[in-house]
Amino acid sequence: MRYLARPLLLAGLASSLLLTTAPASAQFGDVFGAIKNQVEQEVERQVRGTGGNTSDVQDSAAGSQSLQINEGFAFTPGSRTIVATDFADAPLGTMPDAWKTNGSGAVVSVGGIAGNWLKLQPFATYKLNESKALPESFTVEFDVLTAADTARDASGFYFGFARDNSVADYIMDAHNHGAIASVHVNYTGSSNVSSSATDYYHAERLDLRHYANQVMHVSIAVEGEMLRVYLDDQKIADTRAFTGQLPRYFFISAPTRTRNNAQLLFGNFRAAH
């Protein structure tokens, strides 16, 4: 409003002059034209003269733009395969020979999605039959498919590394039944990464709603005592999770229960160094 104060004052003066004088038509035109020019010049000066307020508007507009941050994807899979299983040769309905569990499981196919998958049973933990521990540095990759009306119906799953290869008990954290490091992918709330070896714990609420009937690719890199974990291209852990020369065996655990007949499927596993 203050930009228009002086132009309005000049306009008022123009009106007064026009009302109190009775010039010829030519004189009237000259007076009106002169005042009109003064009003236009004053508006231009007020709007552009200082420059400060125009800059404020520009700064405000610039500040409202979202910044696009790209942290890249620093995972590089190992070049030499230790073990790889895609269940391609396993008969449907059977438990694959390369894996063992304290519960049950069945190889299945899924319409519209390539490959075979291991259907995980609630409250069951799965480990490789391979008795040799993983080396000091290695990578692990696998896919998880949530077959459900909503991702929340599948609850979530656990994976990580244990100090032995026993499947006598169900593993759902890093502090029981020989577990060392554990990742809990939770479709209903906060996911977390923990380590009993280093007392590490970090929780984060991830938006995983879009994973209903979608494949999630998990990438893990272990380099000595360090652990990095990615869900697709999102890094959720980069921390010291191991100590000393503890043996490390991979495990994955199904949720304790699901809703509305939701199923959790596991496949395309590869460990390499």
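**Loops and a pocket, in conversation**

Reader: Leaving aside its neighbours within four places in sequence, which residues is A90 in contact with?

Author: Happy to start there, with the note that this is a predicted model. A90 sits in the loop between β1 (81–85) and β2 (99–101). Once neighbours within four places in sequence are set aside, the contacts of A90 are V107 and N116.

Reader: Is A90 buried or exposed?

Author: The cut-off for buried is under 20% relative accessible area. A90 has a relative accessible area of 17%, so the class for A90 is buried.

Reader: And how far apart in space are A90 and A106, C-alpha to C-alpha?

Author: Along the sequence, A90 and A106 are 16 residues apart. In space, their C-alpha to C-alpha distance is 9.5 Å.

Reader: Which loop holds F87, and what is its phi?

Author: F87 belongs to the loop between β1 and β2, and its 5% relative accessibility makes it buried. F87 is a residue other than glycine, yet its phi is positive, near 65 degrees.

Reader: N213 also has a positive phi; is N213 buried, partly exposed or exposed?

Author: N213 is not a glycine, and its phi is about 60 degrees. Its place is the loop between β10 (200–205) and β11 (215–223). The relative accessibility of N213 is 42%, so N213 counts as partly exposed.

Reader: Let's turn to N165. Which backbone oxygen lies 3.0 Å from a polar atom of its side chain?

Author: N165 is found in the loop between β7 (156–162) and β8 (179–186), and it is buried at 13% relative accessible area. Beyond four places in sequence, its contacts include K100, E130 and Y249. The backbone oxygen at 3.0 Å from a polar side-chain atom of N165 is that of L128.

Reader: What is the volume of the largest pocket?

Author: N165 is one of the residues lining this pocket, and L128, E130 and Y249 are also among them. The volume of the largest pocket is about 230 Å³.

Reader: Which elements give two or more residues to that lining?

Author: The lining includes I82 and V83, as well as Y249 and F250. The elements that give two or more residues to it are β1 and β14 (249–253).

Reader: By class, how many charged residues does the lining of the largest pocket have?

Author: Among the lining residues are E130, K132 and R248. By class, the lining has 8 nonpolar residues and 1 polar residue, and the charged residues number 3.

Notes:
Residues numbered from 1 in each chain as written. Predicted model: local features only at pLDDT ≥ 70, side-chain atom pairs only at ≥ 80, totals over all residues. Heavy atoms only, no water. Helix = DSSP H or I, 4+ residues; strand = E, 2+ residues; numbered from the N terminus. Buried < 20%, exposed > 50% of the residue type's maximum accessible area, 1.4 Å probe, protein only. Polar contact = N/O pair within 3.5 Å; in protein donor to acceptor, adjacent residues only side chain to side chain. Contact = heavy atoms within 4.5 Å. 1 Å grid on protein atoms, 1.4 Å probe; cavity = no way out; pocket = protein on both sides within 12 Å on 5 of 7 lines; lining within 4 Å. Points joined across faces, edges and corners; volume = space filled by probe spheres on them. Nonpolar A, V, L, I, M, F, W, Y, C, P; charged D, E, K, R; others polar.
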